[in-house]
Number of protein chains: 2
Amino acid sequence: MTFGAAKLSNTSAQDPRRTLTLRDVSEASGVSEMTVSRVLRNRGDVSEATRERVLQAARTLGYVPNKIAGALASQRVNLVGVVIPSLSNMVFPEVMTGISEVLEDTGLQPVVGVTNYSPDREEAVIYEMLSWRPTGLIVAGLEHSEAAQAMLAQAGVPIVEIMDIDGTPVDSAVGISHRRAGRQMAEAIIAAGYRRIAFLGTQMPNDHRARKRLEGFEEALAKAGLALADREFYSGGSALLKGREMTEAVLARNPDVDFLYYSNDMIGAGGLLYCLEKGLDVPGKIGLAGFNGVELLDGLPRRLATMDACRLEIGRRAAEIIAGKPHLGVVGGEVIELFPTLQPGDTIRH
Amino acid sequence: MTFGAAKLSNTSAQDPRRTLTLRDVSEASGVSEMTVSRVLRNRGDVSEATRERVLQAARTLGYVPNKIAGALASQRVNLVGVVIPSLSNMVFPEVMTGISEVLEDTGLQPVVGVTNYSPDREEAVIYEMLSWRPTGLIVAGLEHSEAAQAMLAQAGVPIVEIMDIDGTPVDSAVGISHRRAGRQMAEAIIAAGYRRIAFLGTQMPNDHRARKRLEGFEEALAKAGLALADREFYSGGSALLKGREMTEAVLARNPDVDFLYYSNDMIGAGGLLYCLEKGLDVPGKIGLAGFNGVELLDGLPRRLATMDACRLEIGRRAAEIIAGKPHLGVVGGEVIELFPTLQPGDTIRH
DNA sequence: GTGAAAGCGCTAACAA
DNA sequence: TTGTTAGCGCTTTCAC
C-alpha cells in the first residue's frame, strides 16, 4: 500500500462518523494541510484570501484540531498539571483561582488531579499527569512517596511544590512555613494571657501541614514552659458539626481550658458557634483561633482569630514560575516564602 | 537519511535531558520495543522471563510512557472531561466525588475545566477538551452558546449534561428539575401558612438553574394567588455575609415579610444566623429555606430547610453513562431524572 | 511468544 | 506565501 493510497483511504466518504482531520479542511478549502495548519495556529504569513477560505471551511465543517497529534509533532503541550489533596475544603479552590488567573493569558491550561490525602493516589496521579508530558506540574506539599519523588525529579519540566516550605523541594516551592505559623499563633495566645490551651484538629496522618502547625505550636508553648492541656481529633463528616462536637467534648472533659486552637477555620467556626450558644465569655474566659482565613468567617456572629494562608498568592506565584520558564529545564528551582498575617479577630482578648 | 539512521539519532547518548522512550527501555532490556510495549500494558502473552527483564529496565530508568504517542496510535484516550461553572461553592466538589468514585475502577481519569459561569469561557473550555479527544464529556447545565452546542453535537463521544433536566440535552442528561424543585418548595411554604414571601438570591444571569428554581417558585405562588413580597440580589463576596446583609435589607424594607426563600444554602445560613441573633421567632414568625442540602447546615444552631440536589448521585450516574458506553457512539442519549427530597428542618413551621 | 512494518494526525524544517 | 518531506513515540497488524 502506497502512502498516497493510505491517505486516500482517509477521506470523509469512508466513515462519516469519524472526527474531522486537517486533511478534510484541506480538501474542503483547496489549500495544503500545512497552510491550513498555519492558519489555524496563526503562524507564519498567510494571505488574507487563503486565510479566509480556510477559516470558512473549518467553521463549516465544525473542525476541532487534534491536540494529541499536534502535541506529539511539536513536542509541546499547553497543559499544567495541578495535584491537590482535596476540593472539599475551601482552601484549594482558591489556590486554583490564583493559578487560573495567571495561566489565562499564557495559553496554558490547568488540569486538576485530586489525591484525597493518599500518598498512593498521589503517586498514581503524578504518574498519569507526567505521562501527558505537561509544561509543568504544581503539587501540593513537600512529602511524597519515594517513587513520586523520583518521577518528579526526572520529569524534565518545572515542578512547583506549593503551600509549604518546611522541607526540601524537588525543584521550586511557593508557600508558607506552617511550623512558624503555629509558633506565631501560640506566641500571640500566650501574650494574651491564656494558659490552659487545647488543640482540636483533624486526624489525618497525611496532612503534613496541619501536623507542622501543631509542632510549631507546641514548640512555642514549651518555650514558655507550657504544654497542651488537651487535644481532640476527628475525621470525616461536616467540619462545622465536628467542631461543635469536639468543643463540647473538650469542655466537658476539661472545663477550665481557656483557649481552643483549631487546625482549620471550619471546625473553629463550629466551636465558636457552640461557645456563643452556651453563652461562654469569648474571648474573656475562653479564646479561640483557627487557620486559613476563609471567607466564610466574615459571616459569623463574631470574627474568629485566624491566619491567612496566602492561598491566592501561592497559586499565582506557582503559575508564574511555570509560565515564566520557557524551556530552561535545567535552572535550579526557586523557593518563595510568603508570610501569613495573624488576624486576631474578636476571639483573642487584647 | 534512512529510517534506521533516524532512529539511531534518538539514542540516549544524544541528549541526556530528553525524556525516555520505549526505545530506551528496549535497548536497556534487549527486547524489542513491541514486546516492551506489551509488557507495560499487560497485553498479549509475554514470557515471565522477558516480562521481568523489561519491568526491571523500565523501573531502573524511571521510564514514564508517553500517553500522547500512545493515544495517537491507539485512538484511545482515557480522559473524561468535566466542565463545571465553579469550584468555590460546595456543590461541584461533591459532583466530582461521585464522578471520581465511579471512574476509579475503569481506568478513566476525570479532567476538570472551570467556566466561572461565563458562556464564552465554557465554549473555550469545551473546545480545548474536545481537542484532546476524550472518551466522553460531562458538562454542567443545558444552556450553551450556539458554537458550543454544535461542537458537543459533533463530538462523536458520549456527552452528559448534568444537574438540570429542564430542557433538551445534546445527548444524555442526568439531573433534577429545578423548576419543579422551586415549585415544591413554594407549595410546602404555602401549606405551612406563610403568605408574605421574599426571594433572596445571586445576581447571576448565567446561573440558569437558580433562575429556573425561581420561575417554578413564582409559578406555584401565582397558582395560590400569591406574588413575591420582595426580592433581593447580590453578587460576589462571602455568601454567608451576603446572606446576612440581604436579610437585614429585606427585613428593614419589609418588616412584615414572613418567609425568606434563598437561592442557596450558604446565603440562607447567613440569613438564619442573622435572624437568630436578632431574636426573631424562627419558624413561628418567619420561616427560611435554602437549596442544595450542603453538609455545612449540620453544624448550624438550627437546621435550615433545604432541598437536596442529589449531587453525589448525579456525578455517579453521569460517570456510569460515560464508562458504560464502550464505543457505541451512535446510540441515542438517555435522560435520567433524579428527585430531590425536601428537608423541612427547623425553619418551616408544621 | 516475539518482531517488523506501517501509520495515527499533526508540525518543524526546508524547498520552491 | 505556499508546499513537500520526514518524523514525533507509540500501537496495530501481521508475519514468523
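Predicted model: local features only at pLDDT ≥ 70, side-chain atom pairs only at ≥ 80, totals over all residues.

Q: Where is Ser145(B) placed?

A: Ser145(B) sits in the loop between β3 (136–140) and α8 (146–154) of chain B.

Q: Is Ser145(B) buried or exposed?

A: Buried means under 20% relative accessible area, exposed over 50%, partly exposed in between (1.4 Å probe, protein chains only). Ser145(B) has 16%, so it is buried.

Q: What does Ser145(B) touch?

A: Contact means heavy atoms within 4.5 Å. Neighbours within four places in sequence aside, Ser145(B) is in contact with Glu122(B) and Glu123(B). For polar contacts, look for a pair of N or O atoms within 3.5 Å; within protein, one must be able to donate a hydrogen and the other to accept it, and residues adjacent in sequence count only if both atoms are side-chain atoms. A polar side-chain atom of Ser145(B) lies 3.1 Å from the backbone nitrogen of Ala148(B). Arg179(B) is 34 residues from Ser145(B) along the chain, and their C-alpha atoms are separated by 22 Å.

Q: Which contacts does Thr306(B) make?

A: First its place: Thr306(B) lies in strand β10 (residues 306–307) of chain B. Its relative accessibility is 0%, so Thr306(B) counts as buried. The side chain of Thr306(B) makes a polar contact of 2.7 Å with the side chain of Asp265(B). That Thr306(B) side chain also reaches the backbone nitrogen of Asn292(B) at 3.2 Å. Beyond four places in sequence, the residues in contact with Thr306(B) include Met185(B), Phe291(B), Leu297(B) and Gln343(B).

Q: How do I read a sheet?

A: Strands of a sheet pair through backbone hydrogen bonds, either parallel or antiparallel. The criterion here is that two strands pair if DSSP finds at least two bridges between them. In chain A, six strands form an open sheet in the order β2-β1-β3-β4-β5-β11, with parallel pairing.

Q: Why do β2 (109–114) and β11 (335–337) of chain A count as edges?

A: Each has a single partner strand, so one side of each is left without a neighbour in the sheet. Neighbouring strands of this sheet are turned by 15° against each other on average, direction ignored. Here axes are lines fitted to C-alpha atoms, for helices over the stretch in contact, and angles run from 0 to 180 degrees between N-to-C directions. Take one pair: β1 (residues 79–84) of chain A joins β2(A) in the parallel sense over six bridges. Gly81(A) has Val111(A) as its bridge partner in β2(A).

Q: Which residues are closest to DNA strand C?

A: A residue is near a molecule or strand if one of its heavy atoms lies within 4 Å of it. DNA strand C is surrounded by 28 residues, the closest being Leu22(A), Ser37(A), Tyr63(A), Arg38(B) and Asp45(B).

Q: Which atoms of DNA strand C meet Ser32(B)?

A: A phosphate oxygen of DNA strand C is 2.8 Å from an N or O atom in the side chain of Ser32(B). The bases take part too: a base nitrogen of DNA strand C is 3.1 Å from a polar backbone atom of Ala69(A). A base oxygen of DNA strand C is 3.4 Å from a polar backbone atom of Leu72(B). The elements giving two or more residues to this surface are α3 (33–41) and α5 (67–74) of chain A, with α3 (33–41) and α5 (67–74) of chain B.

Q: What about backbone geometry?

A: A cis peptide bond joins Val282(A) and Pro283(A), with omega about 5°. Pro283(A) is in the loop between α12 (265–277) and β9 (287–289) of chain A. In chain B, the peptide bond from Val282(B) to Pro283(B) is cis, with omega near 5°. Asn42(B) is not a glycine, yet has a positive phi of about 55°. At 57% relative accessibility, Asn42(B) counts as exposed.

Definitions and conventions
Residues numbered from 1 in each chain as written. Chains lettered and ligands numbered in written order. Heavy atoms only, no water. Helix = DSSP H or I, 4+ residues; strand = E, 2+ residues; numbered from the N terminus.
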